[in-house]
Amino acid sequence: MLTWPAPQIPQLPGQGGPVRVRDTSTGELVVAAPGPDATLYVCGITPYDATHLGHAATYVAFDLLVRAWLDEGKRVRYASNVTDVDDPLLERAEATGVDWRELAADQTALYLEDMTALGVVPPDVYTGAVESVPDVVAAVRAMVASGTAYVVGAPDAHGQGAADVYADVSADPAFGEVARLDRDAMLALFGERGGDPARPGKRDPLDPLLWRSARPGEPSWDGGDLGHGRPGWHIECAVIARDGIGLPFDVQGGGSDLRFPHHEMSTSHARLLDAGHGARSHVHTGMVGLHGEKMSKSLGNLVLVSRLRADGVDAMAVRLAILDHHYATDWEWTDDVLRAGRARLERWRASVSGNGGPAADATLAEVRAALADDLDAPRALRAVDAWADASLAGDATEVHEGAPGVIARTVNALLGVRL
């Protein structure tokens with residue numbers, strides 16, 4: 001699958017220090033990538049609707065991590081996916097009378113436009129669920145052969161009925177270590193977020209679907225001895241991460257609503273496929289709300305990036321509005337939040353419009369330090385604000401020629417904001 005164009009990232013003097021992030025599995029701050037290489041997998045969209053601010057906040061957050069790693073001198077390998085066949089997509093296509101493939105392609109294209117406008121560095125590996133089917137089939141067959149997966153149900157003499165394949169969570173002794181929830185909480189969330197705990201024939205209500213056999217009216221693919229069907233959600237990400245960046249990898253990222261069951265299950269699948277290897281750390285972004293409710297497609301309370309752009313809002317103002325909140329916190333989108341982002345962008349652009357200004361070295365160092373400390377974007381913004389205020393006030397004791405250029409490159413390279 002083709003991704004979006006990569007933004008140009010300016011070179012900066014020196015380099016950043018080791019980036020630490022909070023591993024939500026343990027609550028501890030950890031070095032995000034301890035070696036010379038850095039690997040990241042971020043769960044992508046299910047393209048049945050346009051990119052909303054919740055999506056944008058997640059992808060901007062992990063864009064900061066990629067940029068900080070590059071500034072640290074790491075060789076970065078980043079993978080993501082598009083779940084271009086799934087129940088919500090099929091349901092939306094049926095409700096609107098649009099072919100599911102057309103809907104997926106249209107919304108994926110719009111997402112790419114939004115990411116380009118927001119200056120997000122694209123993944124190196126960008127794979128759709130549909131194109132991953134052969135690899136998923138091979139992985140599920142291997143799990144069945146190893147006894148870590150099993151079949152529930154069987155077609156009748158006329159080839160009707162379900163023969164679905166499930167992972168056996170009891171085969172993974174580390175299952176539960178990602179979200180660290182008790183069983184009752186896991187069962188409740190599993191049922192709410194796409195699982196089927198009440199499915200008859202399963203060994204454990206928490207066992208997740210790996211391969212869904214073909215149902216009438218649904219798309220399906222040849223799974224060999226698995227029968228015709230399509231992948232489960234969690235195995236899709238496990239296989240794409242394994243094949244795209246290898247196991248183990250440094251960071252698995254996504255919204256906090258993916259912590260369970262999606263990241264728990266996909267990490268478990270990865271361990272069962274590759275001798276206990278999965279993500280070393282899990283990093284989750286907070287939820288963005290609107291009018292007191294989490295912004296979500298199911299609720300329909302969405303602020304769409306594409307709509308803001310169509311209304312003439314500079315995407316860099318949207319990005320600054322997002323960066324004004326720490327990635328791990330829940331926050332609310334309001335008109336005031338957008339006004340603040342627009343005002344900051346205007347002020348920063350005015351501050352770098354001259355040939356000289358206050359010394360930039362300390363500001364660059366503070367932005368780097370802020371990002372190294374769990375991607376603290378609000379702290380980084382305050383550092384640039386202080387420089388901009390001093391520049392506009394003209395009260396620097398010494399004017400440094402070229403300082404505005406250093407600030408502009410700093411903001412572009414590390415924060416992804418084009419001035």
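Q: Which side chains meet in a salt bridge with D389 and R347, and how is such a contact defined?
A: A salt bridge is a side-chain nitrogen of Lys or Arg within 4 Å of a carboxyl oxygen of Asp or Glu. In this structure the side chains of D389 and R347 meet each other in one, at 3.5 Å from N to O. The pair links distant parts of the chain, with D389 in helix α12 (residues 377-393) and R347 in helix α10 (residues 335-351), 42 residues apart. Helices here are DSSP runs of H or I with at least four residues, numbered from the N terminus.

Q: What should I keep in mind about the origin of these values?
A: This is a predicted model, in which local features need pLDDT of at least 70 and side-chain atom pairs count only at pLDDT 80 or more, while totals for chains, interfaces and linings use all residues. Residues are numbered from 1 along each chain as its sequence is written, and side-chain values use heavy atoms, with hydrogens and water left out.

Q: Where do D71 and R368 lie?
A: The side chains of D71 and R368 meet in a salt bridge of 2.7 Å, N to O. D71 lies in helix α1 (residues 53-72) and R368 in helix α11 (residues 361-372), so the pair ties together parts that are 297 residues apart in sequence. Both D71 and R368 are buried.

Technical notes:
Helices (H or I, at least four residues) and strands (E, at least two) are DSSP runs, numbered from the N terminus. Buried means under 20% relative accessible area, exposed over 50%, partly exposed in between (1.4 Å probe, protein chains only).
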